[in-house]
Amino acid sequence: MEKILQGNYAIARGAWEAGVRVACAYPGTPSSEILTALSQEYKEDVLTEWSPNEKVALEVAIGASFAGARAMASMKHVGLNVASDPFMTVSYTGVKGGLVVVVADDPSSHSSQNEQDSRHWARFGKVPMLEPSDSQECKEFTKLAFELSEEFDTPVLVRTETRVAHSFSPVKLGERKESHTPLGLDKKDAPKYTMVPIYVRVRRKIVEERMKKLEEFTNEFKYNTVEMNDPRIGVITSGVCYNYTKEVFPEYSYLKLGMIWPLPKKLISEFSRKVKKIIIVEQLDPFLETEIRAMGIKIFHGKDVIPNHYELSPEIVERALKGKKYKPPKIRVHTEGLPPRPPNLCSGCSHRALFYAIKRLGLFTFGDIGCYTLATAPPLNAIHSTICMGAGVGGAFGAMKVLGKEGLGKCCAVIGDSTFLHAGIPPLMDIVYNKGNSTTIILDNQTTGMTGLQEHPGTGYTVTGDPTHRINFEELARALGVKHIRKVDPYNLKETMEVIKEEVERDEPSVIITVNSPCMLHRREKRKFEHPFYKVLTEKCRGCGLCLEAGCPAISWREVTEEESLTQDGHKRKGVVQINRLQCPGCGLCSQICKFEAIVPGEA
Amino acid sequence: MEERVTNVLLSGVGGQGTILASDILCSVFHEMGYDVKKSEVHGMAQRGGDVTTHFRFGKKVYSPLIKYGEVDYLVSMELLEGLRYINWLKREGKVLLNLQEIFPPAVNLGKMKYPEDIVSQFKKYFNGRVYPIQGLNLAIQCGDPRAANIVILGAFSTFFEFPEEVWERNLLSHLPPKIHELNLKAFRAGRGAMS
């Protein structure tokens, strides 16, 4: 049977067919749907969990593997940074049940804080890496990854990127086969599983021997394929880059690598002898190119013409390889001058209300990773910096260390509920332990919003929807030693501003938690607003534009004609604002901002 | 089946259902025996940003992305989001436009103007192959403005001589039963708008 599957769903299917028993992940674009698929479609056979972060996800998967089960951890590229500690060492111990780590890159950084190239982890960690090019290969390669993991006693990386993870194409479905590895922990085998120096040195050599065996294997690997066409040009490529290049240059010869680490050096040498000129097409860093050049093979084109940043496309590959012969399509309209449409916080979003308060207070905000990074955009312009998960909490503390008392009242850290549980606890502990005075604002929208509404330890539900213990942020902060913990309803602007002002001026650590502020897209939790929508009393609106500073998508400005150029009470105006009733959920923030009582509740 | 791959670029604003429409296209063309590929960007798209989906079908499809300038059908759920991709069309391309305007932030703030005469800008280059549809109004008439995407899908379906039953079955298989009737109505309204 054939079915159209998204790359991530195909990976889930491949893992299921391979008999995976435990799958763990922390959501991250473009990898999140792997665990969603496993938890929804295969929950009878697979124990799934949203882990608090990627490090925990991988550690749980490692434990499951040591107990004999096939196990998988999936994450986005920056997630593997978080999980890198267990990753680098499980390479030494190897596995018992097959262990697969899926890492999804995001070239062009569609939804990420950087565009790092995860292939380096394979070389760095001495772990084999497979790279599928479409959904069918996502399924096949994931299955194979489990087999290779057990055969070579190694974790195996499967690397995707946005256009593989989030593309859809037909997949031939197979049946589930349980693994033959017996369940249960091995009798004490410290030299294999306990990485203390004496055993590390033993395993270190085994890792090198394993990589040699894998290199022999990959020279014969059936998914490293040679397509001989025109012998004048041979392209060495992998993953989605194969598809882009094949699309524009079907006449060239190809060596398509399914396994990109270790490299099949013999196969590459043979291919390079069969063709006149070698071109290497790869996204991001010159990973293949560096290695192949080091083999002494002459490269005709690689990163000299192919960009080393942003994602590639058929057009970019064509332009790069054709050079001056490339003819761009006709420009009909100069579209770069059109009004852009960046993503925005939803209308009614509690983050808007909170960040509007911060903007009014003029604070330097150390932001974090989540929807609320959108508050950096105009007109809110309310974030000073964003680095990675959890970095805001420690960042604000670091800045306050330098600013001393001068910094009081000037900065704060802002972090989402899911992000706080992922990586915000240790830095909050640090603030208390090392006698800091910074303020941490936890934006509790009761879900992992930006990645598509996943559960986390603070929602009270597991990935499969089972009720579970719900972390209480207040108790948690108190346990860490924070004495000043405030709760605010962000939709109450005056109170929110007062509370934030008091806490950022306080010369002690403090935490502010937003309450009754679920994500507007939340399926279970809904904020009940007092009024169904708000409307503008046009006769009163002075067109000052203050409400527009909140950046709500439901509010817009229009110029007025001569007849409308005065308000009811005789004030001159150039325009008025209007509220789109279909988009307004009635949060009432704009009405609190308006100084002229021109925005009032509407009636259903 | 002809060798050539056909390229459909769907564009719209996050929340308009562009992705659902393209999911249905995928199933229909696959059922009709084509190789299909579809690519979209997730993540921040549902926060009101622009959304595009590349849908390609043919005997064998390699790239999940359409090459710039090679679009056969531009299907836009929103006028400005249509205009943004005008240069992606082939000379002989066809354009299906939902006559709906959703203001982006810079327009809401009064800093930029929403472009005027988008339909005539298209007609200048693609005269006779521009299909403006009152998707939103038709959807409201059917009972829910959110079904505008399905109205547009219905209109798009008339470009191909596939059995109507195949379209409608695949449409319904992507939707919960309680909104089947509404969406069938919307789909048929879209087909009707093209006749």
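Two strands count as paired if DSSP finds at least two bridges between them. With that in hand, here's a quick look at this predicted model, starting from strand E7 of chain A, residues 156-161. Strand E5 (residues 99-105) of chain A runs parallel to E7(A), and 6 bridges join the two.

**Around strand E7 of chain A**
- E6(A) and E7(A), together with helix H7 (residues 135-152) of chain A, make up a right-handed β-α-β unit.
- 6 of the 6 residues of E7(A) are buried, so the strand is largely enclosed by the rest of the structure.
- In a regular strand, side chains alternate between the two faces of the sheet.
- Both faces of E7(A) are covered: A:Val156, A:Val158 and A:Thr160 are buried on one side, and A:Leu157, A:Arg159 and A:Glu161 are buried on the other.

**Aromatic rings and charges**
- Over all chains, the count is 38 aromatic pairs.
- One of them is B:Phe29 with B:Tyr34, a tilted pair at 5.9 Å centre to centre and 55° between the planes.
- B:Phe29 is buried, with a relative accessible area of 0%.
- Ring pairs also tie B:Phe29 and B:Tyr34 into a cluster whose members include B:Phe55, B:Tyr131 and B:Trp167.
- A:Lys277 lies over the face of A:Phe300, 4.2 Å from the ring centre.
- In chain B, the charged end of B:Lys60 sits over the ring of B:Tyr62, 5.2 Å from its centre.

**Domains of chain A**
- Chain A is divided into domain 1 (2-218), domain 2 (225-325), domain 3 (350-514) and domain 4 (534-601).
- The C-alpha centres of domain 2 and domain 4 of chain A lie 57 Å apart.

Methods:
Residues numbered from 1 in each chain as written. Chains lettered and ligands numbered in written order. Predicted model: local features only at pLDDT ≥ 70, side-chain atom pairs only at ≥ 80, totals over all residues. Heavy atoms only, no water. Domains from an automatic or database assignment. Phe/Tyr/Trp six-rings, centres within 6.5 Å; stacked < 30°, edge-to-face > 60°. Buried < 20%, exposed > 50% of the residue type's maximum accessible area, 1.4 Å probe, protein only. Lys NZ or Arg CZ within 6 Å of the ring centre and 35° of its normal. Helix = DSSP H or I, 4+ residues; strand = E, 2+ residues; numbered from the N terminus. Right-handed = clockwise from strand over helix to strand, strands pointing away.
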